[in-house]
Amino acid sequence: MPNILKTASLLFILPFIANLAFTHDRIGGFNSGLDRTISFPDTKDYLTISSDLHTHSVFSDGHVWPNIRVAEAEKDSIDVLAITEHLEYQPHTNFIPNEDRNAAYSEAKKASEGTDLIVIAGSEITREMPPGHMNAVFIEDANKLFNMNKDRLPEAKELIDERAKDMNLSKEEMVVIEKYALGNLWPAVEALLEAKKQGAFVFWNHPMWGSQAPDGVARLSDMHIDFISKDLMHGIEIVNTDTYSEEAFQIALDNNLALIGTSDVHNLIEWDYNAHKNEHRPVTLIFAKRRTEKSIREALFNRRTVVVYKDKLMGRDNDLMPLLESILSAKSDGYRKGTRILKVEITNNSSSDMTLKNLSQVNFVDGDDFIVVPKKGNVNLNVKTLEKLKNLNLQFEVLNALTAPKQNPVIEFEIRI
Ligand SMILES: [Zn+2]
Ligand SMILES: [Zn+2]
C-alpha cells in the first residue's frame with residue numbers, strides 16, 4: 001500500500017480508536033433518582049456483607065451484558081455478585097457463540113475494576129429433577145464443570161424425543177436443546193465432585209420452582225441426601241426471585257445447610273424490582289470477619305447467613321439476633337413535663353421497614369401494640385409507665401423476622417432513663 005494511503009487510512013482509524021468501547025466498560029449514566037440502596041449494619045462480631053449469588057447474562061439465558069449486572073449491583077449497594085450462567089443451556093448461542101464458560105465472569109470482573117464490588121466466579125449446573133439446578137460459587141474453572149460427549153448424541157436425541165417431540169423446534173433451537181440434553185447425560189455428581197475439587201460452595205437453586213416441583217413444595221430427594229452426606233451441597237435457596245419456601249427453610253435447619261436468597265435475575269433489576277414501591281431484590285447477608293473473598297467463603301461454609309426478602313429477615317437465631325440488635329435500638333428522651341409518660345425513641349438502622357409487636361407490660365399513649373419503624377428512620381413512643389422509673393424493659397416480637405418457619409424472634413431493650 002502506498003504510504004500516502006496508509007497515512008490516510010490511519011487518520012481515519014485514529015478517531016475511532018479514541019472512542020473505542022470495550023464490552024466490559026463500566027456503565028454509568030441512567031439514574032432514576034430513587035434510592036435503591038440495600039444496607040444493613042455490621043454486627044458486634046462480624047461485617048455484614050450483602051450478596052446476590054445467582055444472576056444471569058446473555059452468556060446463558062439472561063438478556064443483558066455482564067457489565068449491566070455490575071452497574072445494577074453498584075446501584076443496589078450489593079457487596080458481592082456472582083453471574084452464574086447455565087453451563088448446559090445457552091439459548092443465545094447462535095448469536096453469541098462462546099465455548100468459554102468463564103466469559104461472563106471475566107467480563108464482569110473487568111467491569112468491576114475500580115469499584116468496591118467483589119465479583120466471584122460461579123456457574124449453574126443445570127439438570128432435570130433430581131437434582132434440578134445447583135449453583136457452584138467460588139469456582140476456579142467453569143469449563144471443567146460440564147461435559148458434552150458427542151458420542152452420546154443418539155441417547156440425547158432419545159431424551160429430546162421423549163420430552164420435546166411436540167414442541168416443533170426450529171433447527172437453531174434443536175442445536176441448543178441437543179447440547180442441553182448432552183449436558184444432562186453427564187451425572188450431576190461428577191460436576192459436583194469437580195466443584196468440590198475446586199473448593200466451591202454449592203447450593204440447590206429454587207427447590208420450590210413450579211416446573212420442577214409442581215405442588216410448589218421443596219423436598220429433598222435421595223440424590224440430595226447423598227450430596228449432603230458427601231459434603232457436595234452446602235446451602236439451599238429458601239428465596240428465589242419472588243418465591244419463598246417454608247419447606248426449604250425447614251430443610252436447611254434440619255440438614256445444616258446455609259440459608260440462601262437470590263434474585264436469579266434474567267432481565268433488568270430495575271424492571272423486576274421497583275424502588276418506588278419500596279421493592280428491592282432478595283439478597284443473602286453474609287457475616288464475615290473481613291471483606292475478602294476468602295473470608296466470605298469461610299462464612300458461607302460456616303452457614304453464617306440471613307436472607308432478606310421483601311423487608312423480611314430470615315436466619316438462624318445465632319445470626320439473626322446479633323443483626324437485629326445492630327438494626328434496632330431504643331433510648332429514653334425523659335418524662336414529659338408534669339407527667340408519668342416516658343418518651344422513647346426506637347431507631348431502625350437498616351433499609352428494611354421493621355414491624356414490631358409490643359409484648360411488654362406497659363402500653364402507649366400513641367397507639368396499639370403494632371409499631372412500624374421505617375427504614376433508616378425512627379418512631380417516638382409515649383410510654384405509660386404509671387410510676388416514674390429509672391430503667392424500663394421493653395420487649396417486642398419482630399414480625400418481619402423469622403428464625404424458623406412461622407417463628408418470630410423477640411428483641412429486648414433495657415432502657416436507662
Ligand atoms: Zn435455575
Ligand atoms: Zn438461574
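**Figure 1. Donor residues of the zinc ion (ligand 2).** Along the chain, the donors of the zinc ion (ligand 2) follow the spacing H-x1-H-x67-E-x139-D. In this predicted model, the protein donors are H54 and H56, each through NE2, together with E124 through OE and D264 through OD. These atoms lie 2.1 to 2.4 Å from the zinc ion (ligand 2). The angles among the four donor atoms run from 76 to 160°, and the site is irregular. Four donors count as tetrahedral only if all angles lie between 85 and 135 degrees. The pair H56 and D264 links distant parts of the chain, 208 residues apart. H56 belongs to the loop between β1 (47-52) and α2 (66-75), whereas D264 belongs to the loop between β8 (258-262) and α9 (269-272). Both H56 and D264 are buried.

Figure 2. The zinc ion (ligand 1) is coordinated by E124 (OE), H133 (ND1) and H206 (NE2) at 2.0 to 2.2 Å. In sequence, these donor residues show the spacing E-x8-H-x72-H. E124 also coordinates the zinc ion (ligand 2), and the two zinc ions are 3.4 Å apart. With a relative accessible area of 0%, E124 is buried. H133 likewise counts as buried, at 6% relative accessibility, because the cut-off for a buried residue is under 20% relative accessible area.

**Figure 3. The buried face of helix α3.** Within helix α3 (residues 103-111), the residues A103, A104, E107, A108 and A111 are buried. Seen down the axis of α3, the buried residues fall within an arc of 125° and therefore line one face of the helix. Their packing partners are α2, β2 (80-86) and β3 (118-126).

Figure 4. Four strands form an open sheet in the order β16-β14-β18-β20, with antiparallel pairing. β16 (370-373) and β20 (410-416) stand at the edges, and each has a single partner strand, so one side of each is left without a neighbour in the sheet. On average, neighbouring strands of this sheet are turned by 35° against each other, direction ignored. Helix α11 (residues 317-327) packs on the sheet, where it touches β14 (354-358), β18 and β20. The direction of α11 makes about 40° with that of β20. Strand β18 (residues 391-398) pairs with β20 in the antiparallel sense over seven bridges. F396 has I411 in β20 as its bridge partner.

**Figure 5. The surroundings of S352.** S352 is placed in the loop between β13 (341-348) and β14. At 0% relative accessibility, this serine counts as buried. Not counting residues up to four places away in sequence, S352 touches F40, H280, V308, D311, L313 and K375.

**Figure 6. Overall context of the close-up views.** The secondary structure of the protein comes to 11 helices and 20 strands. Along its principal axes, the C-alpha trace spans about 95 × 65 × 40 Å. Of the 417 residues, 51% count as buried. Among contacts in the protein with a separation of 6 or more, 70% are between residues 24 or more positions apart.

Methods
Residues numbered from 1 in each chain as written. Chains lettered and ligands numbered in written order. Predicted model: local features only at pLDDT ≥ 70, side-chain atom pairs only at ≥ 80, totals over all residues. Heavy atoms only, no water. Pairing = 2+ DSSP bridges. Helix = DSSP H or I, 4+ residues; strand = E, 2+ residues; numbered from the N terminus. Axes fitted to C-alpha atoms, helices over the stretch in contact; angles between N-to-C directions. Contact = heavy atoms within 4.5 Å. Donors = N, O, S within 2.8 Å, 3.2 Å for Na, K, Ca; no water. Tetrahedral: all angles 85-135°; square planar, octahedral: opposite > 155°, others 65-115°. Buried < 20%, exposed > 50% of the residue type's maximum accessible area, 1.4 Å probe, protein only. Arc of directions from axis to C-beta.
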